[in-house]
Amino acid sequence: MSIPADVAPRPLKPALLELHGISRASIEAHYRLYQGYVGKRNEILAALAGLDRADANQVYSELRALKVELSFAVGGVKNHELYFGHLGGPGGDPSGAIRDLIERDFGSVAAWRDDLRATGMAGRGWAWTAYDWDERRLSNHIGDAQNTYPVWNATPLVALDTYEHAYFLDYQTDRGAYIDAFFANLDWSVVNGWVSAYGIPAA
Ligand SMILES: [Fe+2]
């Protein structure tokens with residue numbers, strides 16, 4: 001089987017080193033973790049290419065182990081590209097298309113923020129705002145690990161990383177303070193760019 005092309009880590013935007021309430025040291029360590037996910041994605045795909053498919057077994061097999069951990073590595077890549085992609089902005093309330101969607105589907109920006117904050121407090125690794133193409137609305141979801149609880153045919157638009165590695169250096173166990181800092185650094189123009197690029201229907 002041919003090996004899919006390697007992917008390379010996306011460069012870290014300089015603005016991420018100057019966030020409000022999330023330190024440069026924290027972001028640099030977090031970026032190194034992201035680089036690790038990229039490396040493991042490439043390594044696992046190369047290992048998979050050389051396996052004999054006849055040995056696949058649901059109890060234990062190399063194929064099973066590698067495919068399960070591939071989902072963790074690829075999740076780690078995609079999740080952090082969203083996370084780093086939409087930080088570095090001025091925070092505040094959203095504007096434009098994403099504001100209209102949030103107000104339609106949550107009632108108000110405050111209600112959306114309260115629910116995502118609570119979702120982030122209830123999760124172990126991630127909280128998401130995603131657009132569900134079947135229900136045609138936004139909703140907030142928990143993702144405990146890089147690869148848990150995906151909702152099929154839903155497109156993530158806000159990616160709140162609540163793994164301890166995202167905040168322990170700056171806030172120890174005060175996850176709520178970190179979540180407030182996350183909101184204060186969101187770049188809504190990036191999120192609106194995704195809404196437009198994906199062709200999400202206007203509210
Ligand atoms: Fe992370």
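Visitor: Does Tyr149 count as buried or exposed?

Guide: Relative accessibility is read against cut-offs: under 20% is buried, over 50% is exposed, and partly exposed lies in between. This is a predicted model. At 51% relative accessibility, Tyr149 counts as exposed.

Visitor: Where is Tyr149 found?

Guide: Tyr149 sits in the loop between strand E2 and strand E3, the latter covering 154–161.

Visitor: What is the phi of Tyr149?

Guide: Start with the general idea. Most residues other than glycine have a negative phi. Tyr149 is not a glycine, yet its phi is positive, at about 60°.

Visitor: Which loop holds Arg136, and what is the phi there?

Guide: Arg136 belongs to the loop between strand E1 (126–132) and strand E2 (137–143). Arg136 is not a glycine either, and it has a positive phi of about 60°.

Visitor: How does the accessibility of Arg136 read?

Guide: The value for Arg136 is 49%, so Arg136 counts as partly exposed. The cut-off for exposed is over 50%.

Visitor: What about a residue in a helix, such as Lys78?

Guide: Lys78 lies in helix H2, which runs over residues 62–85. The relative accessible area of Lys78 is 54%, and Lys78 is exposed. Lys78 and Tyr34 are 44 residues apart along the chain, and their C-alpha atoms are separated by 9.4 Å.

Visitor: What does the protein as a whole consist of, in helices and strands?

Guide: The secondary structure comes to 7 helices and 3 strands. From the N terminus, the order of the elements is α-α-α-α-β-β-β-α-α-α.

Visitor: How compact is the protein for its length?

Guide: The radius of gyration is set against a globule rule. For 203 residues the rule gives 17 Å, and the protein has 18 Å, close to that value, so the protein is as compact as a globular protein of that length. Along the principal axes, the C-alpha trace spans about 55 × 40 × 30 Å. Of the 203 residues, 44% count as buried.

Visitor: What share of contacts joins residues at least 24 apart in sequence?

Guide: The count takes contacts between residues at least 6 apart in sequence, and 69% of these join residues at least 24 apart.

Visitor: Now helix packing. At what angle do H3 and H7 cross?

Guide: An angle from 65 to 115 degrees counts as roughly perpendicular. The axes of helix H3 (residues 96–106) and helix H7 (residues 188–198) cross at roughly 80° and come within 7 Å. H3 and H7 are therefore roughly perpendicular to each other.

Visitor: Which residues make the contact?

Guide: H3 contributes Gly96, Ala97, Ile98, Leu101 and Ile102, while H7 contributes Trp188, Val191, Asn192 and Val195. By class, the contact of H3 with H7 has 7 nonpolar residues, 2 polar and no charged.

Visitor: How do H4 and H6 pack?

Guide: Helix H4 (residues 109–122) and helix H6 (residues 175–184) pack at an angle of about 135°, and their axes are 10 Å apart. H4 and H6 are therefore oblique to each other. The crossing of H4 past H6 is right-handed.

Visitor: Which residues take part in that contact?

Guide: From H4 there are Trp112, Arg113, Leu116, Arg117, Gly120 and Met121. From H6 there are Arg175, Gly176, Ala177, Ile179, Asp180 and Phe183. The contact of H4 with H6 divides into 6 nonpolar, 2 polar and 4 charged residues.

Key
Residues numbered from 1 in each chain as written. Predicted model: local features only at pLDDT ≥ 70, side-chain atom pairs only at ≥ 80, totals over all residues. Heavy atoms only, no water. Axes fitted to C-alpha atoms, helices over the stretch in contact; angles between N-to-C directions. Helix = DSSP H or I, 4+ residues; strand = E, 2+ residues; numbered from the N terminus. Parallel < 35°, antiparallel > 145°, perpendicular 65-115°, else oblique. Left-handed = near helix turned anticlockwise from the far one by under 90°. Contact = heavy atoms within 4.5 Å. Nonpolar A, V, L, I, M, F, W, Y, C, P; charged D, E, K, R; others polar. Rg over C-alpha atoms; globule rule 2.2 N^0.38 Å. Buried < 20%, exposed > 50% of the residue type's maximum accessible area, 1.4 Å probe, protein only.
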